[in-house]
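Thanks for coming. I'll talk through the pockets of one model, starting with a question.

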Amino acid sequence: MRKIHQVYIDGHFVTPHGTEIAPLHNPATEQVVGEVRLADETDARAAVAAAKRSLAGFSRTTKLERIALLKRLSTSFADRLDDLKAAMTEEYGAVRGIIEGLLPLAPKMFDEAAELLESYEFQQTRGTTTVSMEPLGVAVAITPWNLSAVFVAQKVASALAAGCTVVVKPSELSALQTQVMMEAFDAADLPPGVVNVVTGRGASVGDTLTSHPDVAKVDFTGSTGVGQRIMRNAADTFKRLTLELGGKSPTILLDDADIPAAVGAALTSGFLNNGQTCFAGTRILAPQSKLDEVLATIESAMPAFAAGDPTDPATGVGPVVSQAQFDRVQNYIRLGQEEGARLLAGGEGRPEGLGEGWFVQPTVFTGVTNDMRIAREEIFGPVLVVISYQDDDEAVAIANDSPFGLQAHVFSSDPKRARQVAEQLEAGTVLVNRIFGDPGAPFGGTKQSGIGRHHHTYGLESYLEPRAITA
Ligand code: NAD
């Protein structure tokens, strides 16, 4: 039983002022495996004060000093990858595929930021004007529980590269991952107060941080509803915002696609991280002319996505994170049937042979129309829909008929045709014949999937404000 009773403020592990103790569950067993003492509003204010104190010195550090610091962070995160892997599996049932595929991006975020700083010019001359890119100030990074280390590293790397100091508020569901990260920050020998970490509830710590007058920027990854609340909190003091929110990403299989390969990729994307990935391709758009072939291929591919023990390297889909999420996903499976969709795979209740754990049957609905709630709302579990279309124009129209616009996928054997379709899609990222993006490309969403972009100069400049001096 792990007891996490400290937060990280001003370069020290300290016992929070907050006294609430929250249990930590292993979703594969439903057993309590630890507890976390949560920070409160007083801790949030202390963390902002520490970040503010350190800002004066840190914002004036040289590029070389910040490059050295980012490299130390990359090393200390890389040193802890095994511990992060174990925490991800124990805390939210992450399976080998997501861990091996995406967790190594965490240390890479610091490397990329260091590399970018080598060439980035903070000062430019335009005519008689000198434009200098100035750090915004104290930043707040708020992260979800899934793949927490990558999101924390992504935000902290850009903030520090820009010369901002940071308060990280991780999810209360990711305390095991957070403990490893706090130790990694501590091992990187940062100046006190440059990075502070307070695990606490959104309604207390989150609201305090996102409305605090000394906070200049909020960088949030999480649900669209919480993103809306953060925008409201931030409005009074005009905080700069980066919001990476939910998605309902389409995967368009054009009629000339290699169907077995495309279906395999579509299911991998849709069920990624046990169906709990913001950019998962949860709407599969299949041409009417190839619908039977697509459905048969999905059925025969499903055994590879069976739900099971996340510690088994062969498992494709682990449990969902919590009892609340399990209930929510079950409701959507029920709703889909009530809306008239047909179950091609999966259904309500636990998978056969799994008597405990928040395991959902990997589920695929067919006979779905894009106006159904299961096609419009983010379910955040292993539940996919197949929607048929007549021609490319209709595929584009269905793909774009969504409140979200995070990512889209197009599969075709004709690169020109695939690009023509890709160019019409309303999404922050469009991937052709692949399901994972390029880490150097900007990442973020259109419409209700968010505001702003991460990575490379897009991420760095979201922590900077131009100041023009004309003399
Ligand atoms: P969530 O929105 O419930 O929580 C995210 C974080 O926000 C947590 O740290 C939570 O404590 C905090 N929070 C809650 N209320 C708050 C408030 N009032 N003020 C400030 N912070 C508050 O999301 P989750 O359940 O942790 O994660 C799942 C969601 O995140 C999904 O919608 C998913 O699509 C989204 N997500 C998006 C991306 C992306 O890059 N676009 C990546 C991962 C997850």
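Which helix gives the most to the lining of the second largest pocket? H6 does, with 3 residues. Before the rest, the ground rules. This is a predicted model, where local features need pLDDT of at least 70 and side-chain atom pairs count only at pLDDT 80 or more, while totals for chains, interfaces and linings use all residues. Residues are numbered from 1 along each chain as its sequence is written, and side-chain values use heavy atoms, with hydrogens and water left out.

A pocket here is an open set of points on a 1 Å grid over the protein atoms alone, where a 1.4 Å probe fits, with protein on both sides within 12 Å along at least five of seven lines; lining residues have an atom within 4 Å of a point. Helices (H or I, at least four residues) are DSSP runs, numbered from the N terminus, as are strands (E, at least two).

The second largest pocket has 23 lining residues, with Leu 105, Phe 279, Gly 437, Phe 443 and His 455 nearest its centre. Domain 1 (2-245 + 449-470) and domain 2 (250-441) both contribute to that lining, so the pocket lies between them; the domain bounds come from an automatic or database domain assignment.

Now the largest pocket. Its lining counts 32 residues, and nearest the centre are Pro 144, Phe 220, Gly 222, Ser 223 and Val 226. H8 gives the most here, with 5 residues. Helix H8 (202-211), strand S11 (215-221), helix H9 (224-235) and helix H13 (323-338) each supply at least two. Both domains give residues to this lining, so the largest pocket also lies between them.
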